[in-house]
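The sequence and coordinates are shown first.

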Amino acid sequence: MTLLAARKSWPFQDLKAELGMSDGNLITHLRTLHRLGFVAYTKEVRDRPQTTYSLTAKGRIAFKDYLDVLEQIVKTGKK
Amino acid sequence: MPDQSEAEENLRVIRSLIERATVYRAISAPTALVGGLLSIIATTVIFLNNATEYGIGDRITPREFTATWLVVLVITIALNAFLIRREAVRTGRPFISPAMKMALRAIVPCLVIPLMVTIWFFKVGYLGNQEQFLVVVWTGFYGLALLSTSVFAPRSLGVLGWAFLLTSIAIPVLDNLLDTDFSAEMPDLVMGATFGLFHLIYAVCTWSGRSAPGEAFREE
């Protein structure tokens, strides 16, 4: 989610390389995020078929909310 | 399992990554268009009033000059706020987003001196017909305000900032070099050229890829 939030879009292969995940593992995560409306994808064919993934507005808000929750947990732990 | 300080650092890095990926367009094309047109209208009204041969009205006093431009500023800011709010509602983002706070943190310090100079002008400065000094301060610091957002703003806003800043520097030089019939109208004409013409050019240049005001992604 951090990677998706930090750039407009990511080709599948770049995400895979960055995260060091297998195709199957990564696609499972992305499908779940897509089903929840957090991630959108586009398929295009240049030299070869390429799928790029991007965070939706809903996904961005959800991720920020998640970060807020994490921050609260860290703060609570500090007290 | 990360310890507390590590977790805090990770969160900070994630947030900064998101912020850096965000482009914040403080001035949208429609705002620039309306602001530019209002400025051209204000310039024309002041110019025609001052040109007594047309017999349109009395010469605009320094305070009226300042008040006219403040009205233009207020209308333009109100329109910009309206457009940002509309976009925020449409995309489900808060009106005062983190990116907007970031932009305000950069812009506001640059506007303190123009604010103080404007107050001084209303109280004392108007007695010395210091409109040109006021215009130099307004254009110069407005340019600096735009440039202060260049880290997270689209390149076009930086170019606009430089145009204002360089014009501000050039005003006293040009005033000394050019001895025309329009010397007395220099402050008014400069306001029309900068806040009017520059904003219209910016609006035309950014209209085709018209991005909404507020947050957007940085193109790679």
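## Left-handed crossing of α2(B) and α7(B)

In this predicted model, helix α2(B) passes helix α7(B) in a left-handed crossing. The two helices, α2 (residues 29-50) and α7 (residues 186-207) of chain B, pack with their axes 7 Å apart and at an angle of about 155°. Because angles over 145 degrees count as roughly antiparallel, α2(B) and α7(B) are roughly antiparallel to each other.

On the α2(B) side, the residues that meet α7(B) include Ala29(B), Ala32(B), Leu33(B), Gly35(B), Gly36(B) and Ser39(B), and also Ile40(B), Thr43(B), Ile46(B) and Phe47(B). Their counterparts in α7(B) include Asp188(B), Leu189(B), Met191(B), Gly192(B), Phe195(B) and Gly196(B), together with His199(B), Leu200(B), Tyr202(B), Ala203(B), Thr206(B) and Trp207(B). By class, this contact of α2(B) with α7(B) has 13 nonpolar, eight polar and one charged residues.

## Packing of α5(B) on α7(B)

Helix α5 (residues 131-147) of chain B also packs with α7(B), the axes coming within 8 Å and crossing at roughly 20°. Since angles under 35 degrees count as roughly parallel, α5(B) is roughly parallel to α7(B). The crossing of α5(B) past α7(B) is left-handed.

From α5(B), the residues Glu131(B), Gln132(B), Val135(B) and Thr139(B) meet Met186(B), Pro187(B), Val190(B), Met191(B) and Thr194(B) of α7(B). The contact of α5(B) with α7(B) divides into five nonpolar, three polar and one charged residues.

## Overall organisation of chain B

Chain B has seven helices and two strands, which follow the pattern α-β-α-α-α-α-α-α-β when read along the sequence. Of its 220 residues, 32% count as buried. Among the contacts in chain B with a separation of 6 or more, 77% are between residues 24 or more positions apart.

## Leu73(B) in helix α3(B)

Leu73(B) is found in helix α3 (residues 62-91) of chain B. With 17 C-beta neighbours inside 10 Å, Leu73(B) counts as partly exposed, because a residue is classed as buried at 20 or more such neighbours and as exposed at 12 or fewer.

## Thr52(A) in strand β3(A)

In chain A, Thr52(A) lies in strand β3 (residues 49-55) and is partly exposed, with 17 other C-beta atoms within 10 Å. Thr52(A) and Phe12(A) are 40 residues apart in sequence, yet their C-alpha atoms are 5.7 Å apart in space. When residues up to four places away in sequence are not counted, Thr52(A) touches Ser9(A), Trp10(A) and Pro11(A), as well as Tyr41(A) and Thr42(A).

## Contact between chains A and B

Between the two chains, 13 residues of chain A are in contact with 14 residues of chain B. On the side of chain A that touches chain B, the elements giving two or more residues are α1 (2-6) and α4 (57-78) of chain A, and α4(A) gives the most, with eight residues. The residues of this side of chain A divide into seven nonpolar, two polar and four charged.

Methods: Residues numbered from 1 in each chain as written. Chains lettered and ligands numbered in written order. Predicted model: local features only at pLDDT ≥ 70, side-chain atom pairs only at ≥ 80, totals over all residues. Helix = DSSP H or I, 4+ residues; strand = E, 2+ residues; numbered from the N terminus. Axes fitted to C-alpha atoms, helices over the stretch in contact; angles between N-to-C directions. Parallel < 35°, antiparallel > 145°, perpendicular 65-115°, else oblique. Left-handed = near helix turned anticlockwise from the far one by under 90°. Contact = placed C-beta atoms within 7 Å. Nonpolar A, V, L, I, M, F, W, Y, C, P; charged D, E, K, R; others polar.
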